[in-house]
Amino acid sequence: MLTVHHLGTSQSERIVWLCEELAIPYELRIYNRDPVTRLGPPEYKALHPLGTAPIISDGETVLAESTAIIEYILAKYGRGNLVPAVSDATFPDYLFWFHFANGSLQPNMGRTMLLRRVGLPAGDHTLNWVNGRLDLALNLVENRLGETAYLAGNAFTAADIVAVFSLTTMRIFLPFDLSPYPNILAYLQRIGARDGYRRAMKKGDPDMVPMLT
């Protein structure tokens, strides 16, 4: 049985959502963050040497890293869903956007979050550079969503499952205003209307209101 080890308020929401969209059987085990450190509890960290979310187990297989997990589940259980065929004209776009969130958007958010906590003064060169990179990434998403309904094209794919965390739950850790990005906001409303997303968020983080605005 595929088991999703879900740390509340984390990137592991992607995996719960993927399983719901694919309508595959899985066991969901929920772990709560330490109320002081906001980190995972010892029993979660013991699941994998990285100790980070998400983590799955599937028989003898234990796997971390959200995009690796998504590729594993799609390859083993996806039956060709949520991934365009290699022959499809959208396949290169799918690959780019599938890797964009964790390759560009999320790292820029992480750097911005850390520099804010350090308390660098306004106008600091490093802070300006990091903020500029984040603005660039967000504008890239905004412009793309002005062209297509979803990131890989007009069909919902796993690339959207990877990206949405950075635009929603990540804002708990790095607050930022999406009002300058109307295409992103409209996109998040489309995401929020999906039954799979609603089920996943209700199951994994029932006390959290998804940040879709």
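These legends walk through several close-up views of a predicted model.

The model is predicted, so local features need pLDDT of at least 70, side-chain atom pairs count only at pLDDT 80 or more, and totals for chains, interfaces and linings use all residues. Residues are numbered from 1 along each chain as its sequence is written, and side-chain values use heavy atoms, with hydrogens and water left out.

**View 1**
Helices (H or I, at least four residues) and strands (E, at least two) are DSSP runs, numbered from the N terminus. Two strands pair if DSSP finds at least two bridges between them. Strand E1 (residues 2–7) runs parallel to strand E2 (residues 27–31), and five bridges join the two. Look for His-6 standing opposite Ile-30 in E2, and for His-5, whose bridge partner in E2 is Arg-29. To get from E1 to E2 the chain passes through helix H1 (residues 13–22), and this β-α-β crossover is right-handed. Right-handed here means that, with the strands pointing away from the viewer, the path from the first strand over the helix to the second runs clockwise. E1 also pairs with E3, this time in the antiparallel sense over four bridges; here Thr-3 has Ser-57 as its bridge partner.

**View 1. E1 from both faces.**
Buried means under 20% relative accessible area, exposed over 50%, and partly exposed in between (1.4 Å probe, protein chains only). Six of the six residues of E1 are buried, so the strand is largely enclosed by the rest of the structure. In a regular strand the side chains alternate between the two faces of the sheet. Leu-2, Val-4 and His-6 sit on one side of E1, with Thr-3, His-5 and Leu-7 on the other, and both faces are covered.

**View 2. Met-1, in the segment before E1.**
Met-1 comes in the segment before E1 and counts as exposed, because its relative accessibility is 62%. Contact means heavy atoms within 4.5 Å. Gly-78 is 77 residues along the chain from Met-1, and their C-alpha atoms are separated by 15 Å.

**View 3. Tyr-72 and its partner Asp-58.**
Tyr-72 belongs to helix H3, and at 19% relative accessibility it counts as buried. Leaving aside neighbours within four places in sequence, Tyr-72 is in contact with Ile-56, Asp-58, Thr-61 and Leu-63. With Asp-58 there is also a side-chain to side-chain polar contact at 2.7 Å. For a polar contact, a pair of N or O atoms must lie within 3.5 Å; within protein, one must be able to donate a hydrogen and the other to accept it, and residues adjacent in sequence count only if both atoms are side-chain atoms.

Start with the peptide bond between Ala-53 and Pro-54, which is cis, with omega about 5 degrees. Pro-54 lies in the loop between helix H2 (42–45) and strand E3 (55–58). Next comes Thr-9, which is not a glycine but has a positive phi, near 55 degrees. Thr-9 sits in the loop between E1 and H1 and is buried, with a relative accessible area of 14%. Leu-82 also has a positive phi, near 70 degrees. You'll find Leu-82 in the loop between helix H3 (66–77) and helix H4 (91–118), where it counts as buried at 15% relative accessibility.

**View 4. Helix H6 and its N-terminal cap.**
Helix H6 (residues 158–167) is mostly covered, with 10 of its 10 residues buried. Among them are Asp-160, Phe-165 and Ser-166. At the N-terminal end, Thr-157 does the capping: a side-chain oxygen lies 3.1 Å from the backbone nitrogen of Ala-159.

**View 5. The largest pocket.**
The volume of the largest pocket is about 680 Å³. Of its 25 lining residues, Ser-10, Gln-11, Arg-33, Thr-52 and Ala-53 are the closest to the centre. H4 gives the most to the lining, with five residues, while H2, H4 and helix H7 (170–173) each supply at least two. On a 1 Å grid over the protein atoms alone, a pocket is an open set of points where a 1.4 Å probe fits, with protein on both sides within 12 Å along at least five of seven lines; lining residues have an atom within 4 Å of a point. Grid points are joined across faces, edges and corners, and the volume is the space filled by probe spheres set on the points.
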